[in-house]
Amino acid sequence: MKPDIDATGKYVEIVYSQKAKRSGKVCGDYVLVERSHEATTAILADGIGTGIKANIASVMCASRLMELLRQGFTLREACERIVNTMHEARTSDIPFSAFSVCRILNSGHATIISYEIPSPILLSRRFATYLPQQRFLPMGLEMVAEVNCMLDSDDGIILISDGVSQAGMGRQYSMGWGVQAVSYFANGLLAQGFSVKDIPEKIVAKVKEISGKTYGDDTTCLLLLCRDARVMNILTGPPLKKASDEKVVKMFMETKGIRVVCGSTTVEVVARVLKKPVMVKDISGSYHKPPSYEIAGIDYATEGALTLNQVYNILEENPNKLEPDSSVSDLYRLFHASDVINFFVGTATNRGHESIVFRQMGIFPREVIVKLLAEKLRKMGKLVNLEYV
């Protein structure tokens with residue numbers, strides 16, 4: 001069995017800039033993102049008004065919509081339920097929120113459904129153009145707009161709240177800046193050589209400029225950038241049965257992406273199956289600098305549980321603090337540089353992990369630390385697969 005995602009899949013990077021109407025106050029816009037093996041879903045909700053009340057409305061809207069999708073509702077079904085509630089909110093005291101939801105499949109197919117919110121903008125490295133809301137779907141007594149498109153690598157979708165489209169209303173623009181003008185502005189930035197990732201921040205800064213050095217409303221610009229996934233495969237721990245060594249190593253070697261081996265015994269298993277010599281690259285004798293190895297065909301190899309525990313401890317630290325020439329620092333960088341991380345976790349018993357010395361030093365055994373790492377990596381926006389062998 002191979003992991004669900006390999007290097008041929010698309011990864012959606014999320015970049016957004018957001019400002020509250022009143023500096024230092026709660027923003028009434030809310031962004032929620034969730035990744036799965038099949039797709040990335042992003043929701044931008046814009047609560048009516050500003051401040052706490054608007055924030056509660058947007059958080060409730062986005063959270064409920066995402067939960068409906070988790071429960072297996074289709075995009076349209078989930079949106080219809082939310083829209084029906086929003087219709088009731090027009091005549092009752094229910095919190096009201098506009099929203100836009102974008103789902104991008106690993107193939108690059110994107111679907112955007114918008115309710116009472118500006119049209120999305122299609123973005124590439126060379127140009128930007130707004131996507132007119134030409135297809136309207138009735139949902140109860142309300143209407144939503146649906147847009148579908150295919151995204152190639154380095155294409156993206158920009159979602160904006162009306163704090164962007166209505167910027168400058170009554171000042172430079174009688175009806176506000178407008179989505180089409182926003183796309184023209186993005187085109188200008190691309191022509192000047194700015195990175196696609198710079199665009200959300202530049203758009204929000206422009207909103208402040210044309211609104212008289214302030215924000216007329218809560219303002220959000222959200223970019224979903226589609227690109228080829230950077231995949232890292234980690235084999236840690238020998239398989240449960242020694243007879244499975246060759247099969248597991250072969251599966252590991254055939255999976256697309258960079259290959260990392262964690263564990264001295266695991267290194268020996270891989271070297272034996274590949275019939276390649278192991279060269280000890282770095283031994284410092286220090287607890288904080290576990291040894292690393294070299295094997296032909298493997299991108300990086302190091303000690304196992306000790307290294308993984310230390311990486312877990314520093315995973316959220318500033319990279320400027322990293323110690324040079326350390327296998328822990330190297331593995332930290334590999335994790336941060338990867339979008340998809342496939343763990344191949346050997347389930348053979350390691351008697352060494354049962355030693356009281358490991359407990360004294362607070363070192364979790366492999367089966368524990370891998371799950372903790374996976375949880376932290378997912379919170380960082382990585383897509384993590386665990387395969388037990």
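**Note on a cavity, a pocket and a helix pair**

1. Strand S1 (residues 10-19) gives the largest share of the lining of the largest cavity, three residues. Strands here are DSSP runs (E, at least two), and helices are too (H or I, at least four residues), numbered from the N terminus. A friendly reminder: this is a predicted model, in which local features need pLDDT of at least 70 and side-chain atom pairs count only at pLDDT 80 or more, while totals for chains, interfaces and linings use all residues. Residues are numbered from 1 along each chain as its sequence is written, and side-chain values use heavy atoms, without hydrogens and water.

2. The largest cavity holds about 60 Å³ of space. Ten residues line this cavity, and Lys10, Tyr11, Thr40, Asn106 and Leu383 are the closest to its centre. For the terms: on a 1 Å grid over the protein atoms alone, a cavity is a set of points where a 1.4 Å probe fits but cannot get out, a pocket is an open set with protein on both sides within 12 Å along at least five of seven lines, and lining residues have an atom within 4 Å of a point.

3. In the largest pocket there is about 290 Å³ of space. Its lining has 15 residues, with Arg35, Arg378, Met380, Gly381 and Lys382 nearest the centre. S1, strand S2 (29-35) and helix H11 (366-379) each give two or more residues to that lining.

4. Helix H4 (residues 179-191) and helix H5 (residues 199-210) have axes that come within 11 Å and cross at roughly 125°. H4 and H5 are therefore oblique to each other (angles under 35 degrees count as roughly parallel, over 145 as roughly antiparallel, 65 to 115 as roughly perpendicular and the rest as oblique).

Note on methods. Grid points are joined across faces, edges and corners, and a volume is the space filled by probe spheres set on the points. Axes are lines fitted to C-alpha atoms, for helices over the stretch in contact, and angles run from 0 to 180 degrees between N-to-C directions.
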